[in-house]
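Please open the model in a viewer and keep the selection panel at hand.

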Amino acid sequence: MMSRWAKAVETAIASHPRKVDSNISYGTAGFRTKAEVLDHVMYRMGLLATLRSWAKSGQTIGVMITASHNPEGDNGVKLVDPAGEMLEFSWESLATGLANAKDEELAAQLDSIMEKCGIKETQGNVIVGRDTRKSSPALAKAVLDGIGATGGATITDIGVVTTPQLHYMVVATNTKGGYGEPSLEGYYNKLTGAFKKFIAGLDGKFGNYAPSIEFDGANGVGAPAMVEFAKHLEGVLKVNIHNSGSGVLNSGCGADFVKVSQSASEGLKDINDARCVAVDGDADRVVYFFQKDGKFNLLDGDKIATLIAGYIGDLVKQSGLESQIKLGLVQTAYANGSSTDYIVNKLGVPVACAP
């Protein structure tokens, strides 16, 4: 089937050749390393995204160019499956093999994937997004070139987006709007609409709640996304945005910095008695924190989930409905193992891991 891949191989050799000898592995976070060695990998992930769409009978596959909380000089890529989940585990080794193949082995690798997975060519669909790193536009072009070289997929380039926005677009597209309008405006409307409905349901009984947050955008794509959120939430939630892009991505700021350093990020160190929120470079990781009397307090996802599980569990017990209401908690592969152990063994709440 060399003729089927003639254009793909020709484009690879001419524009996106493999120039490094070292290998790279696809893991939970996709491929992630120094940006300057990723061009050929990006091109090949464009090819693979098309094959994955074919394997899923033409359903839309997502490709996100980002290195999340890594330093500015890094970059990466990950594929998103039709339901918005991570790439199926069995395909990780296929991605690794394709990324590390020599240029002259490219056609054979593609044929092998087609045969091993029983793929029949159809009309594929791929959505591509990227973060704000300086290297991302060129790497995104490599992905787009890869998709285009197959001649078998419709490309939707949604530009600079957060990783959650890319996941949303994939799901909304595949459900034909059932999950939400397949547009970025649809994304903002869905989330802010739910928040507004929740606030309205409180009927003004806010208790100690104050509708204001201090937001750390990690000097990444989360900042412009929050600007749009703030417009939709005007009059409902006041958002003060910090680290909005003038500084270095993930440097002294962002969710990972806050969690690892156990301290407030730049621009928020002197803010006390306020609810602070920090995301990472592609805004798929969020932590909450506050400072009171000079003491830093972190509330990450694991801690919040644990607190909620314990609180709801107590309400169920107090109501005497334990035999009628059974609690369960869903975590992702990124969850802290210690939190899982505490929830299961101390709170008595079973935990399931999302794919």
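The model is predicted, so local features need pLDDT of at least 70 and side-chain atom pairs count only at pLDDT 80 or more, while totals for chains, interfaces and linings use all residues. Residues are numbered from 1 along each chain as its sequence is written, and side-chain values use heavy atoms, with hydrogens and water left out.

Asp-203 sits in the loop between helix H7 (184-201) and strand S6 (212-216). Helices (H or I, at least four residues) and strands (E, at least two) are DSSP runs, numbered from the N terminus. Check the backbone here: phi of Asp-203 is positive, about 55°, although the residue is not a glycine.

Next, select Ser-57, in the loop between helix H2 (39-55) and S2. Phi of Ser-57 is near 60°, again a positive value in a residue other than glycine. With a relative accessible area of 67%, Ser-57 is exposed.

Move on to strand S2 (residues 60-65), which runs parallel to S4 and is joined to it by six bridges. Two strands pair if DSSP finds at least two bridges between them. Now select strand S4 (residues 124-130), where six of the seven residues are buried. Strand S5 (residues 153-160) also pairs with S4 in the parallel sense, over seven bridges.

Which residue of S4 does Gly-62 stand opposite? The residue is Ile-127. Ile-127 in turn stands opposite Thr-156 in S5.

**Two buried residues**

Select Ser-68, in the loop between S2 and strand S3 (74-80). Is Ser-68 buried or exposed? Ser-68 counts as buried because its relative accessibility is 3%. Show what surrounds Ser-68: leaving aside neighbours within four places in sequence, Ser-68 is in contact with Arg-32, Arg-133, Asn-250, Asp-280, Gly-281, Asp-282 and Asp-284. Contact means heavy atoms within 4.5 Å. Ser-68 and Arg-32 are 36 residues apart in sequence, and their C-alpha atoms are 9.1 Å apart in space.

Then go to Thr-150 in helix H5 (residues 136-150). Thr-150 has 3% relative accessibility and therefore counts as buried. Apart from neighbours within four places in sequence, Thr-150 is in contact with Arg-4, Leu-47 and Thr-50.

**The whole chain**

Zoom out and colour by secondary structure: the protein chain has 11 helices and 12 strands. The C-alpha atoms fill a box of roughly 70 × 50 × 35 Å along the principal axes. A compact globule of 355 residues would have a radius of gyration near 20 Å, and the 22 Å of the protein chain agrees with this. That radius is taken over C-alpha atoms, and the globule rule is 2.2 Å times the number of residues to the power 0.38.

Of the 355 residues, 46% count as buried. Among contacts with a separation of 6 or more, residues 24 or more positions apart account for 68%.

Last, switch to the surface: the protein chain exposes about 17,200 Å², and carbon and sulfur atoms supply 54% of it. These areas come from the Shrake-Rupley method with a 1.4 Å probe; for residues, only the protein chains shown count as cover.

Note on methods. Buried means under 20% relative accessible area, exposed over 50%, partly exposed in between (1.4 Å probe, protein chains only).
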